[in-house]
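The sequence and structure are shown first.

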Amino acid sequence: ILNSDIGDYLDYIVIGEGEYHILEIMENYKSNYSDIKIMGDLFSKINLDDLPFPDYSDYDFNDYRHKSGVSLETSRGCVASCTFCSETLFWKFRQRGGSRLIDEVKYQINEYGVNRFWFIDSLVNGDLNKFYDFISGAVEQDLKILWNGYARCDGRMDKEFIKLIKDSGCTALSFGVESGSPLVLLDMKKNISPIEIIKNLKHTHEVELYSHVNWIVGYSTETITDSYH
């Protein structure tokens, strides 16, 4: 391919988010372009609440190991700018409203009879107010769902807040901790402290919410002392 005309292999290049561009591509897929058609830009910022709910009508859930669950996107991007991560180069952070998420959950339950949801974005708690609206709404409306997702450690999430997360149906949170050293966390620009990490993990344990932790071992500025931390 590298030694050939790349236009023989590509018709379109979409830069940035492609939800709306894919519609244009599908409408014009039979068109013959002499050059590769390039569309989109890196500064796209789709309002996630405007997107329709995913359509699983052509899925046979019996073909899957987990027959009672679907994926759900609560946000896009990240509120941090960690040195090792490319997330903020691709997405500008935004989080869907809690009521909109509740509407999607109820739609998928009624449409397909599912009760398990995998939150596939990088963090469910980037906007704590919107996240709170979702988990409190799930409890108040007694949705009886199960869900899991990724989260940042955040000192504003006290034990009462984390108990509400558990009560909303959460079975597990995967935290991007990366290091236990305050110096390495500072070098990484994680914008969290070991105290916040310890409190969040302690409280998830106390409310019997399973927690999973991601680590980066051997960061460029990590010393032996940092590794002990």
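In which loop is N191 found?

1. The model is predicted. N191 lies in the loop between α6 (182-188) and α7 (194-206). Its phi is near 60°, a positive value in a residue other than glycine. N191 is exposed, with a relative accessible area of 68%, and exposed here stands for over 50%.

2. E208, although not a glycine, has a positive phi of about 65°. E208 is located in the loop between α7 and β9 (210-215). With a relative accessible area of 65%, E208 is exposed.

3. Turning to the strands, β7 (residues 146-151) has a covered face made up of W147, G149 and A151. Its uncovered face carries L146, N148 and Y150. In a regular strand the side chains alternate between the two faces of the sheet.

4. Strand β6 (residues 116-119) runs parallel to β7, and three bridges join them. Within this pairing, F117 has W147 as its bridge partner in β7. The chain passes from β6 through helix α4 (residues 128-140) to β7, in a right-handed β-α-β crossover.

5. Strand β7 is also joined to β8 (residues 170-178), by five bridges, and these strands run parallel. G149 of the covered face stands opposite L173 in β8. Together with helix α5 (residues 159-167), β7 and β8 make a right-handed β-α-β unit.

Definitions and conventions:
Residues numbered from 1 in each chain as written. Predicted model: local features only at pLDDT ≥ 70, side-chain atom pairs only at ≥ 80, totals over all residues. Heavy atoms only, no water. Buried < 20%, exposed > 50% of the residue type's maximum accessible area, 1.4 Å probe, protein only. Helix = DSSP H or I, 4+ residues; strand = E, 2+ residues; numbered from the N terminus. Pairing = 2+ DSSP bridges. Right-handed = clockwise from strand over helix to strand, strands pointing away.
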